[in-house]
Amino acid sequence: MTDVPESIRAALAPPRRAPDRGFVLKVTARLRFEQQARLLRRAALRQIVAQGLALAATAAGLWWIWQAPDLARIAAESPDLALVAIGAVLSATTLLIAASRRRGRRGRPARRAISTT
Amino acid sequence: MRWLSGRAGVKPGNEVDLALARRAAGGDEAAFAMLVEAHERPLRAFLSRQFGEDDADDIAQDAFLKAWRRSASFDGRARYATWLTRIAWNCAIDRRRARRDWPVDTPPEARSVAPSEAGAEVGRLLSALTPQERASLILCEGHGWTHGEAAELLAMPLGTLKSTVARAKARCRATISGGTND
């Protein structure tokens, strides 16, 4: 005979109790936290991609302008002037990107505090 | 809910859970909370018997989060409890791999002592079993799982599962009568 006694079987069964609301709240809080973290990660990734594209486009534009015969001639004749021009363009690009980041941050709604308790 | 029971492959009795899982897959947190409320009790009971009280809740939480993410893949062919326990079982395995000290083979007696006398006796009995025997005994005898469901969870052939359950029962009887089984 290999049956287990009824008392043991009853003890192996899940306890008879009301649902644990605390546990349910913990799970839903973790779920919300995770969703919010995923949204933030996605936003950060989008921003990185957008900035990368912007930089690549700027670099491609500069390169294209640099290929113009007149500019190439000026750069060959006065390299100092060319260096100053490159510096000015880079400074302007940096300022533009910084300004767009500040604007983006101001436009986003304030982040809510996440509680897991 | 009738439209769900008519769908091919949906097991009768799974319609409510399937409908809630569908809503959860669409981002309905309230529907998922209802699933958690309905299934946390048996899942946590199994996990605490199998792995100990300390880790049971963490594994259960991880399992529910994974279940939320995979809600769309629940098709109602198996019971939600079976599907969820499988996820929890995999979470426990992942933890064991991540933590070398994961006490999966350690008898749960010391870690999950139930307050009652019967609970203490069960702890003593379970501590004499291997993890596979323990899981199959708890699920088939305590939770009313079919042998097929338990075999699928433990990734073993049906025949092997049946003999594992029989061996676990025999060991229990031997422990109760004070004899040794090995």
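How are α4(B) and α5(B) oriented to each other? They are oblique to each other, with axes that cross at roughly 120°.

## Basis of the model

This is a predicted model, in which local features need pLDDT of at least 70 and side-chain atom pairs count only at pLDDT 80 or more, while totals for chains, interfaces and linings use all residues. Residues are numbered from 1 along each chain as its sequence is written, and chains are lettered from A and ligands numbered from 1 in the order in which they are written.

Chain A has four helices and zero strands; from the N terminus on, its elements run α-α-α-α. Helices (H or I, at least four residues) and strands (E, at least two) are DSSP runs, numbered from the N terminus. Of the 117 residues of chain A, 5% count as buried. A residue is buried if 20 or more other C-beta atoms lie within 10 Å of its own, exposed if 12 or fewer, and partly exposed in between, with C-beta atoms placed from the backbone.

Between the chains, 26 residues of chain B are in contact with 22 residues of chain A; two residues are in contact if their C-beta atoms, placed from the backbone, lie within 7 Å. On the chain B side, the elements that give two or more residues are α3 (29-51), α4, α6 (117-127), α7 (131-142) and α9 (158-176). The largest share, eight residues, comes from α3(B). By class, this side of chain B has 15 nonpolar, four polar and seven charged residues. Ala, Val, Leu, Ile, Met, Phe, Trp, Tyr, Cys and Pro count as nonpolar, Asp, Glu, Lys and Arg as charged, and the others, Gly among them, as polar.

## Domains of chain B

The domain assignment of chain B gives domain 1 (1-104) and domain 2 (114-182); such bounds come from an automatic or database domain assignment. The contact takes nine residues from domain 1 of chain B and nine residues from domain 2 of chain B.

On the side of domain 1 that touches domain 2, the elements that give two or more residues are α3 and α5 of chain B. That side has four nonpolar, three polar and two charged residues.

Helix α4 (residues 53-69) of chain B and helix α5 (residues 80-98) of chain B have axes that come within 8 Å. Axes are lines fitted to C-alpha atoms, for helices over the stretch in contact, and angles run from 0 to 180 degrees between N-to-C directions. Angles under 35 degrees count as roughly parallel, over 145 as roughly antiparallel, 65 to 115 as roughly perpendicular and the rest as oblique. The crossing of α4(B) and α5(B) is right-handed; a crossing is left-handed if the near helix is turned anticlockwise from the far one by less than a right angle, and right-handed if clockwise. On α4(B) the contact is made by Ile59(B), Ala60(B), Asp62(B), Ala63(B), Lys66(B) and Ala67(B), and on α5(B) by Leu84(B), Ile87(B), Ala88(B), Cys91(B), Ala92(B) and Arg95(B). These residues divide into nine nonpolar, no polar and three charged.

For α3(B) and α5(B), the axes come within 10 Å and cross at roughly 45°, which makes α3(B) oblique to α5(B). This crossing is right-handed. Leu35(B), His39(B), Pro42(B), Leu43(B), Phe46(B), Leu47(B) and Phe51(B) of α3(B) meet Tyr80(B), Ala81(B), Leu84(B), Thr85(B), Ala88(B) and Ala92(B) of α5(B). By class, the contact has eleven nonpolar, two polar and no charged residues.

## Leu43(B)

Leu43(B) lies in helix α3 of chain B and counts as buried because 23 C-beta neighbours lie inside 10 Å. Leaving aside neighbours within four places in sequence, Leu43(B) is in contact with Ala60(B), Ala63(B), Leu84(B), Thr85(B) and Ala88(B). Leu43(B) and Ala24(B) are 19 residues apart in sequence and 19 Å apart in space, C-alpha to C-alpha.

Ala151(B) lies in helix α8 (residues 147-153) of chain B and counts as buried, with 21 C-beta neighbours inside 10 Å. Not counting residues up to four places away in sequence, Ala151(B) touches Met156(B), Pro157(B), Leu158(B) and Leu161(B). The C-alpha atoms of Ala151(B) and Leu161(B), ten residues apart along the chain, are separated by 5.6 Å.

Ala155(B) is found in the loop between α8 and α9 of chain B and counts as exposed, with 10 C-beta neighbours inside 10 Å. Ala155(B) has a positive phi of about 55° although it is not a glycine. Most residues other than glycine have a negative phi.
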